[in-house]
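I opened my notebook to jot down what I looked up in this structure. The entries follow in the order I made them.

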Amino acid sequence: MTWQSLTDWWWPYLFILLAGWLPTDVWRFIGVFIGGRVSEESEALIAVRAVATALVAGVIAQLILYPSGALAETSVFLRIGAAAAGFVAYLALGRRVIISVIAGEAVLLCGLLLT
Amino acid sequence: MADSGLPSHHADENLRTRFSWFLSGASLITSIPALILMTAHVGFAGFASENGVTLLQATFMVAIIWALPANIVLIGAIAGGYSLFGAAIAVGLSSIRLMPMVAAFVPEMRGPKTRKITLLFLSHFIAVTAWVMGMDRLKHVPRDMRTSYFAGLGITLTLTNTLVVAVVYVLSTDFPPLVFAALFFLTPMYFLTSLWGSARDRSVHVAMVSGLLLFPVIHSIAPAYDLLLTGVAGGIVTMAYVHLAKRSATG
């Protein structure tokens, strides 16, 4: 059974539910049951939070190192440089997220316009 | 209510407080991270229409799945002619990361009397942006109002982005590649510093740095499981750090 298998109007929606919603929300629901068992300030919670944080950091690295779309056409060194500049600006200029975004974007756009 | 013996105006007041916390969560829709997420969905609308997914199907996907990577994987699987089962496996692999994220989020969000069904419902709205925002802000919200606050944040974020996809799809907005490159860079830049800022103790920083450094290495070895393995490996590194720090503090 593929996306094209049936021509009925409801088939794509059933496909989205079974191939998209189910395998996504089932993990969230399992997460609720695991989260319900770990108590506040326990070692288990620190471990779960560490795994989740490392995972989100992996998502960030993926978006910078292996992006899709228009960003994929740009140099990886420019992207790393822009992210690093944004992070340094964040640490140096009062830890405001908006400053890091402006600094990182400025470096990225300057690099793109100059090359 | 009769059991608790509370006069009804107390219940009214509680409801009003809940609603005002809900609105306060909902008002985050105008915050920088929420706007950044909308720009990411601008890109998604273009991706969907390029791959022959209709307007209604694309908006349905955004609302019912609510995880941008899962949506992109699903459209990739549709375009690649995957079977239903194959597509579900691909999406499931990309969504496993939500499990530890939700597990870490639930102890932050639940109040003393929160029911499991409420948490199950609200967990649908947890994706990376809402997770980072919630981990950052929930600690400033009174315990028993956190579910209301997150409901406001999560539901508004989901509905607004569903709408964004619909509007962009209809307008079939096209920008020069430079604009798209700048838009796509907003997300990682925002995540990088807001995740750093959300940390309460050093373990989160250790987890973050190890995730950033381990990802390219693991990606080159096992690209299919890179995120999952990065989470596990980063978690192990962090716990080793926590134990060493504890030992040097006591000994």
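**Entry 1: chain A overall.** I began with burial: 43% of the 115 residues in chain A are buried. I call a residue buried if 20 or more other C-beta atoms lie within 10 Å of its own, exposed if 12 or fewer, and partly exposed in between, with C-beta atoms placed from the backbone. A note to myself: this is a predicted model, where local features need pLDDT of at least 70, side-chain atom pairs count only at pLDDT 80 or more, and totals for chains, interfaces and linings use all residues. Residues are numbered from 1 along each chain as its sequence is written, while chains are lettered from A and ligands numbered from 1 in the order in which they are written.

Chain A has 4 helices and 0 strands, which I took as DSSP runs numbered from the N terminus (helices: H or I, at least four residues; strands: E, at least two). The C-alpha atoms of chain A fill a box of roughly 50 × 50 × 20 Å along the principal axes.

**Entry 2: domains.** I found domain 1 (1–37), domain 2 (39–64) and domain 3 (74–115) in chain A; such bounds come from an automatic or database domain assignment. The centres of domain 2 and domain 3 of chain A, over C-alpha atoms, are 24 Å apart.

**Entry 3: helix 11 of chain B.** I then went to helix 11 (residues 202–221) of chain B, which reaches 29 Å from its first C-alpha to its last, close to the expected 28 Å. The expected span is 1.5 Å times one less than the number of residues. Where is the kink in this helix? I located it at B:L214, about 35°, shortly before the proline B:P216. A bend is the angle between axes fitted to the seven residues ending at a residue and the seven starting there. The buried residues of helix 11 include B:L214, B:F215 and B:I218.

**Entry 4: two positive phi values.** A:R95 has phi near 50° without being a glycine, and A:R95 sits in the loop between helix 3 (76–92) and helix 4 (97–114) of chain A. B:W66 also shows a positive phi, about 50°, in the loop between helix 3 (55–65) and helix 4 (68–79) of chain B. Buried or exposed? A:R95 counts as exposed because it has 12 C-beta neighbours inside 10 Å. B:W66 counts as buried because it has 25.
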